[in-house]
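Work through the exercises below with the model open beside you. Each task is followed by a solution in short steps.

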Amino acid sequence: MTFVTDTHGFVFYAMGKIGMIGRSARRAFANAEKRRATIYIPTVCFFELALLLESGKVRSSLPFPEWKGRVEKSGSFVIEPLTWEDVYEAQGLVALADPFDRLIAGIANRLQSPLITRDSALDDSGLVETLW
């Protein structure tokens, strides 16, 4: 099984805030840890993380460049690059106001994978399959 994670799911998991993650999403992360599932982290999530760290909305003792290294070393996740197809898909998701949401949803749709998110705008849109 494959999944795509939204930024907050990735950040909560990486920071060990498992209690903030919904039951279905926790199960997906646990399966990824056991190599029974693959979770794709869109590259755009790292840019959104950089903005959150810069603004102080997320605090971490881990320097920003080390986030990528830790993800790659885990072997449980795949950093998914942004492609032309994702941008094309995202431009059609006009019901989503947030540009990051549009790009992340576009990646989930391209990969035909559920999106791990608690974002009600994404869930309510019906434009992408979600779980939390």
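Predicted model: local features only at pLDDT ≥ 70, side-chain atom pairs only at ≥ 80, totals over all residues.

**Exercise 1. Decide whether Lys-17 is buried, partly exposed or exposed.**

Step 1. Locate the residue. Lys-17 is in the loop between α1 and α2 (23-33).

Step 2. Take its relative accessible area, 39%. Buried means under 20%, and exposed means over 50%. The value falls in between, so Lys-17 is partly exposed.

**Exercise 2. Compare the span of helix α3 with its expected value, then find what its buried residues pack against.**

Step 1. Helix α3 covers residues 43-55, which is 13 residues.

Step 2. From first C-alpha to last, α3 reaches 19 Å. At 1.5 Å a residue, 18 Å is expected, and the two values are close.

Step 3. Pick out the buried residues of α3: Val-44, Cys-45, Phe-46, Glu-48, Leu-49 and Ala-50.

Step 4. Trace their packing. The partners are β1 (2-5), α1 (7-14), β2 (38-42), α4 (64-74), β3 (77-80) and α6 (99-110).

Step 5. Step past the helix. Gly-56 follows α3, and its phi is positive, near 85°.

**Exercise 3. Find which residues touch the most other members of the largest nonpolar core.**

Step 1. The core has 38 residues. Phe-10, Ile-39, Phe-77 and Ile-116 touch the most other members.

Step 2. Assign the core to elements. At least two residues come from each of β1, α1, α2, β2, α3, α4, α6 and β4. The largest share, six residues, is from α6.

Step 3. Take Phe-10 and set aside neighbours within four places in sequence. Its contacts are Thr-5, Phe-29, Ile-41, Cys-45, Phe-46, Leu-49, Trp-67 and Val-71.

**Exercise 4. Find where confidence is lowest and where it is highest.**

Step 1. Start with the chain. Mean pLDDT is 93, and 100% of residues reach 70 or more.

Step 2. Confidence is lowest in α4, at a mean of 84. Confidence is highest in strand β4 (residues 115-116), at 98.

Technical notes:
Residues numbered from 1 in each chain as written. Heavy atoms only, no water. Helix = DSSP H or I, 4+ residues; strand = E, 2+ residues; numbered from the N terminus. Expected span 1.5 Å × (residues − 1). Buried < 20%, exposed > 50% of the residue type's maximum accessible area, 1.4 Å probe, protein only. Contact = heavy atoms within 4.5 Å. pLDDT = per-residue confidence, 0-100. Core = buried A, V, L, I, M, F, W, Y, C linked by side-chain atoms within 4.5 Å.
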